[in-house]
Amino acid sequence: MPDVVFASGRQRPDTGPPAAPAGAGAAPPPRRAARRVLHRLRGALLGLSGFCGLILVWQLTAMAEIVGNGLLPTPFEVFEVIWTGLGNGLATDVLISSRRVVLWVSVGIAAAVPVGFLLGWFPTVRAALNPLVNFFRALPPIALVPLVIVYFGIGELARGIILMYAAFFATVVIVFEGVAGIEDKYVRAAQTLGATRLEVLARVVLPFSVPHILTAARVSLGIGWASLVAAELVAAQDGLGAVIQNAGNFLDIPRVYAGIILIGFCALVMDAVLRLLSARLVTWQDRGNR
Amino acid sequence: MTTAVNTGGLTLDGVGKRFGRGTAAVTVLDDVAFDVPEGEFVAVVGPSGSGKTTLLNTVAGFVDPDVGQILVNGTPVTGPGPSRCVVFQEYAIFPWLTVRRNIEFGMRLRARRRPAAERRRIADRYLDLMGLTAFADALPKTLSGGMRQRVALARAYAVDPEILLMDEPFAALDAQTRETMQEALLEINQKERRTVLFVTHQVEEAIFLADRVVVMSARPARVQEIVPVPWRGPRHHELKTTPEFIELRRRIEAMLRGGHPTPEGQTA
Ligand SMILES: Nc1ncnc2c1ncn2[C@@H]1O[C@H](COP(=O)(O)OP(=O)(O)O)[C@@H](O)[C@H]1O
Ligand SMILES: [Mg+2]
């Protein structure tokens, strides 16, 4: 979200040393704070309006029975399935899928960050591995399901590997582009202050990459949710992906929709949480007027 | 009052540098030779694009000269290091660190590590000398260009380098801020005399700051003349309007114009 109010903390012309720090850590004055809240509220309302519009169109389409041969449930029917389902086992599926995504995507990110650093920092490594990374990144996780079943069986590990795979390659690419994009001036400044190659990596490249790692985490979580159904194709008894497949087998269309909506909702919430977290963690970035 | 600090002498010995090869090759530095004696402030003036940054980069150790060598206290330069700390033209303070942490950066590295208490004391000293005390905990994004360069200067002084290298550190600032920064630099240099190599395209700035001015020709950069600056002791901006100053400035500007006439009869 563009932070228009705070973007005013950019460069000001100056004459000599001013007496007090400008807004460094101080609370914004009340009027600014009010404007900020209004701004946020407006953003939230606009975001909601998109959903409301979609639901309206959906309701009208379903009532008119234009598409789907009578197999398009109304939003109301679907929300009823979600509402009763959540008290009736569906909440467990939400939790299980969330845990699965968070756990295995985290494993994928943890494995990918060092690899991303290697690729970003050593041009030779990048030249050698970049095409490979892009090759594997392009493969849809669902295509791997048969192979994963053959080599890893049908347990939790097999499902995890699908999610890990998806998160791994997305993260590698984002992290290495972030690391490779570090401005030369920061590296040189550190060297001229006495930093060794390793110190440059630890004290310049790493902090510089934190925003990129957080972006990678957001993107990977999204990809993780997007790959969930593929992962739960591997003989899963529970989880939202399994719910969707089972409901599909019984032609329980409202339940299919319920599963899909819950996946989207979970992904949305997690993304919002991570975005808030990265705004808190990376206060130093000068976002300017985007 | 002068504080005991690290100092050292710098010798450039026949330094040459070309970029590119074949017909596209350009000679940027040609047999550049001069000394910066210990504790002296030497300014290098040359037109934009004449190779001043390249010259400074060879001294810093970022660029290897093709011929010649650079000696710090008699030892050849082989790469970048804290004996020759650079203040860059672009704002190169670390945006993820507060002002204080930026100044302490070098003192946290293995090469110039200092214990926490001493680190704090030194940082406090340069925060004070640069008028940054109120901004110690601010992040760079909240600072103006002038303040950022103050942090860069403080950060460089804090590692106690034998030689300070400055590549047009005030060129991006507005005229008024530039004057304030020049005075701040003179003031800190009065308190602790260090060996400084300062590169600029502004003749006025070079004379105002330096003990000696090395006048370069346009590309390829050669040393045309080394001009001693007669003033000793504290300087103020009124100096720039005195007849002696203006006369010296005219002389050096004439050298720069005459140094390397292009076909259109102008300097680059
Ligand atoms: N890495 C490089 N490769 C090719 N040409 C370069 C390189 N660095 C500098 N030059 C050229 O050398 C000349 C001098 O550049 P520079 O040292 O930046 O000049 P100044 O700092 O005096 O403005 C310029 O014409 C520039 O294009
Ligand atoms: Mg330059």
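Strand β4 (residues 67-72) of chain B is joined to β5(B) by 2 bridges, and the two run antiparallel. Strands here are DSSP runs of E with at least two residues, helices are runs of H or I with at least four residues, and both are numbered from the N terminus; two strands pair if DSSP finds at least two bridges between them. Within β5(B), B:Thr75 is the residue that stands opposite B:Val72. The model is predicted, so local features need pLDDT of at least 70 and side-chain atom pairs pLDDT 80 or more, whereas totals for chains, interfaces and linings use all residues. Residues are numbered from 1 along each chain as its sequence is written, chains are lettered from A and ligands numbered from 1 in the order written, and side-chain values use heavy atoms, without hydrogens and water.

Turning to the ligand, the residues around ligand 1 (a heavy atom within 4 Å) include B:Phe19, B:Lys52 and B:Arg219. Helix α1 (residues 52-60) of chain B gives the largest share of this shell, 3 residues. Polar contacts are pairs of N or O atoms within 3.5 Å. A polar side-chain atom of B:Thr54 lies 2.6 Å from an oxygen atom of ligand 1, and one of B:Thr53 lies 2.7 Å from an oxygen atom of the ligand.

How values were computed:
A polar contact is a pair of N or O atoms within 3.5 Å; within protein, one must be able to donate a hydrogen and the other to accept it, and residues adjacent in sequence count only if both atoms are side-chain atoms.
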